[in-house]
Amino acid sequence: MAVQTNNILIKNIYYMLCYAFKNLESVVRVNSGAENFDNIQDLFSVILYRGISNQLKRGLTKEYEEKRERLSTVLGKININETIKTNTLSKKKLVLEYDENCENSYFNKVLKTTCLLLLNKGDIKPENRKLLKKILIYFDCIEEINLKHVLWSKISYHRNNITYKMLINICYLVVKGLLMTTDRGELVLNKYLDDRQMHSLYEKFVLEYYKCHYPELQPKRIDIDWNIEGDKTGIELLPNMQTDITLTGKNKTLIIDTKFYSHSLSLYYDKASYLSNNLYQIFTYVKNKDIENTGNVEGMLLYAKTEDEILTEENTFNMSGNNISIKILDLNQEWEFIKAKLDNIITQTF
């Protein structure tokens with residue numbers, strides 16, 4: 001099920017993206033009240049415009065591309081077979097093959113094609129449409145690419161192209177999160193991200209927020225070993241336990257499991273309850289991490305507030321000696337309150 005996004009949430013997605021992809025100068029630079037975005041497509045168009053504008057100041061990344069031309073001066077390698085076959089020698093030329101370092105790189109092809117997709121299929125404000133068209137003037141010599149064939153997971157970054165990371169991830173969200181095919185086979189862009197895309201972004205945002213502001217707590221994902229006593233035969237068949245976020249203080253550890261659903265409660269005969277699988281999971285993580293039963297390991301389910309009006313109460317339960325909390329982060333409020341909520345979790349726990 002997809003989550004509709006109102007204007008405040010769309011602006012907050014911008015900040016979440018900045019944290020998730022470590023583009024934090026944008027968080028400081030952009031005034032959250034300065035702009036309104038009609039939908040997620042509109043937001044992405046502005047992010048791409050700003051990001052590409054900054055990239056143009058640094059210079060577009062280049063790649064070596066194989067060229068084949070008929071030239072009168074020797075450059076690169078002579079293709080003898082083609083030279084003879086095309087009778088190029090009669091015109092005092094040779095068929096030459098050489099590598100040229102040009103801006104027609106894979107990254108730039110993805111950027112250009114995604115911008116064109118937003119222009120052709122997106123519901124974008126006229127002023128933002130103008131901005132995208134303006135930036136595409138610098139991509140005249142860059143070819144388009146079939147976005148369906150992009151191997152996103154195999155794209156790698158190094159110090160010469162790391163500035164493209166957020167831009168390429170925005171392209172990924174546009175293509176994988178918004179691009180849809182109608183029953184008639186037409187390509188359209190959705191106006192919202194689905195639960196899966198939003199959950200991934202939400203999880204990464206919270207982790208990077210704590211990495212940025214609370215590095216002393218060593219925020220990271222960790223693997224937890226099963227606390228099996230005695231014979232460990234078959235332990236390799238047990239599922240892997242990897243936390244979303246683990247914060248480690250001097251005398252306390254907090255394991256956070258982030259959750260983003262359209263509905264965060266289950267109903268049974270009109271009685272609302274927390275989703276049982278989520279509680280079982282965080283309880284299992286905590287008890288297997290706290291192998292000495294010290295009670296110094298706490299767990300937290302950090303729900304993003306979406307459509308549930310019922311899910312407004314926060315609770316903390318002591319389960320077998322360890323505190324398990326349910327907290328709610330309302331993404332439909334101004335950014336300063338979201339920051340305050342995340343900061344309060346730290347001050348209240350550590």
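The model is predicted.

I start with the sheet. It is open and has five strands, in the order S8-S9-S12-S14-S13, and the pairing is mixed. Which strands stand at the edges? They are S8, residues 245-248, and S13, residues 315-319. Each has a single partner strand, so one side of each is left without a neighbour in the sheet. From one strand to the next, the twist averages 20°.

For those new to this, strands of a sheet pair through backbone hydrogen bonds, either parallel or antiparallel. Both kinds come up here, and I take one example of each.

The parallel example is S9 with S12. S9 covers residues 253-259, S12 covers residues 297-305, and seven bridges join them in the parallel sense. If you want a place to look, find Ile255, which stands opposite Gly299 in S12.

The antiparallel example is S13 with S14, which pair over five bridges. Here Met319 stands opposite Asn322 in S14. These two strands form a hairpin, with two residues between them. Ser320 is in the turn and has a positive phi of about 55°.

Helix H10, residues 335-349, lies across S8, S9, S12 and S14. H10 runs at about 165° to S14.

Now to a pair of helices. H3 is residues 40-58 and H5 is residues 106-121; their axes come within 11 Å and cross at roughly 145°. The crossing is left-handed. On the H3 side, the residues that meet H5 are Gln41, Phe44, Ser45, Leu48 and Ile52. On the H5 side they are Leu111, Thr114, Cys115, Leu118 and Lys121. What classes of residue make up this contact? Six are nonpolar, three are polar and one is charged.

Last, the second largest pocket, with a volume of about 210 Å³. Its lining consists of Ala20, Phe21, Asn169, Tyr172, Leu173, Arg196, Gln197, Ser200, Leu201 and Lys204. Two elements give two or more residues to this lining: helix H7, residues 165-178, and H8. Which element gives the most? That is H8, with five residues. By class, the lining has five nonpolar, three polar and two charged residues.

Note on methods
Residues are numbered from 1 along each chain as its sequence is written. This is a predicted model: local features need pLDDT of at least 70, side-chain atom pairs count only at pLDDT 80 or more; totals for chains, interfaces and linings use all residues. Side-chain values use heavy atoms; hydrogens and water are left out. Two strands pair if DSSP finds at least two bridges between them. Helices (H or I, at least four residues) and strands (E, at least two) are DSSP runs, numbered from the N terminus. Axes are lines fitted to C-alpha atoms, for helices over the stretch in contact, and angles run from 0 to 180 degrees between N-to-C directions. Contact means heavy atoms within 4.5 Å. A crossing is left-handed if the near helix is turned anticlockwise from the far one by less than a right angle, and right-handed if clockwise. Ala, Val, Leu, Ile, Met, Phe, Trp, Tyr, Cys and Pro count as nonpolar, Asp, Glu, Lys and Arg as charged, and the others, Gly among them, as polar. On a 1 Å grid over the protein atoms alone, a cavity is a set of points where a 1.4 Å probe fits but cannot get out, and a pocket is an open set with protein on both sides within 12 Å along at least five of seven lines; lining residues have an atom within 4 Å of a point. Grid points are joined across faces, edges and corners, and a volume is the space filled by probe spheres set on the points.
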